[in-house]
Amino acid sequence: MTSAPLQDVRWGIIGVGAVTERKSGPGLQRAERSSLVAVMRRDGAKAADFAHRHGVPRWYDDADALIADPEVDAVYVATPPDSHRDYALRAAAAGKPVYVEKPMARTAAECEEMIAACESAGVPLFVAYYRRAMPRFVRVKELLDGGAVGEVRAVTVRLHAPAGMWQPDNLPWRLRPEISGGGLFVDLGSHTLDLLDHLLGPVETVTGLAANLAGRYPAEDHVAATFGFASGVVGTGLWAFDAAVRRDEVEIVGTAGALTFSSFGEEPLVLRTPHGEEHIEAPYPEVVQQPLIQLVVDELTGRGTAPSTGRSALRTARVVDAVLADHRAGR
């Protein structure tokens, strides 16, 4: 059993923190056949402030009250990962489609529970790996699928950044494994891994080495990994979060050229072939999640299909789990 298409989608958000201010909340309001009708935060004053500033009709300080609101058709879970499973299960039990922030949950096992609950309830489950729909990366996929680099053979990922100046007794949730599932590799690296799943197909084999070298927080701060994609593509990745120099680069190498781009920047894509080097403009949209939100709304209203689902995000979670398995066991 699956839910019937909606005429339009009236959204409720659980957890109106920073991500909902510019990256996602306005997208729910601007997408066609979509509106934001209710928001929830445990701090009612902050929920009321968000509602007032963004023109949202209702606010709650209780998630169950928002989920039970008869005018909320679908629920967007925008809390930290440790509560994603709980809220997704509650929304599914109420028969409401779920759009959940990334990473989908702390572990693949939690993702599997969310998928099972939504499938049992007959409601769709989407995940905010929004790079799958952003025009910048749509252009990357067009170039690859169009043979711009020939047959794709390999991919290399590098993300290096200096350490943040966090106080040990006041760490952001992204650096607390009990909340996030790990550190910045989970938060940022999952974005790139999910994008590669979209561009190159599923990862079939993976090995990883993770370490906490700087000791500034309890999560991993350096990660190295090798990947084998079902398509035959081979890949490597290095994520270093105690580096002197920033670097954000994905290079996809093929038999006729190479395509280089960043995961988090807006500079042009660089296509190198024996004929020369081409720079291709590929900026971000004003609201980065809006293209994916539109595709989610299109699917919920029977007009299309969204590319980021619980099933696709589960594959990313399994890769992250495999890369971090030994480090988690030792911690």
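Predicted model: local features only at pLDDT ≥ 70, side-chain atom pairs only at ≥ 80, totals over all residues.

Reply: Helix α7 spans residues 135-145, and its buried residues are Arg136, Phe137, Val140, Leu143 and Leu144. Buried means under 20% relative accessible area, exposed over 50%, and partly exposed in between, with a 1.4 Å probe and protein chains only. Helices are DSSP runs of H or I with at least four residues, strands are runs of E with at least two, and both are numbered from the N terminus.

Residues are numbered from 1 along each chain as its sequence is written, and side-chain values use heavy atoms, with hydrogens and water left out.

Now the cover. The buried residues of α7 are covered by elements that include helix α9 (184-200) and strand β7 (152-160). Strands β11 (247-254), β12 (258-261), β13 (269-273) and β14 (276-280) also belong to that cover. Contact means heavy atoms within 4.5 Å. Just after α7, Gly147 takes a positive phi of about 85°.

Next, the whole chain. It has 11 helices and 14 strands. Its radius of gyration is 20 Å, close to the 20 Å that the globule rule gives for 331 residues, so the chain is as compact as a globular protein of that length. The radius is taken over C-alpha atoms, and the rule is 2.2 Å times the number of residues to the power 0.38. Along the principal axes, the C-alpha atoms fill a box of roughly 60 × 45 × 35 Å. Of the 331 residues, 53% count as buried. Among contacts between residues at least 6 apart in sequence, 68% join residues at least 24 apart.

Trp11 lies in strand β1 (residues 9-14) and is buried, with a relative accessible area of 1%. Pro26 belongs to helix α2 (residues 25-30) and is buried at 12% relative accessible area. Leaving aside neighbours within four places in sequence, Pro26 is in contact with Thr20, Glu21 and Val287.
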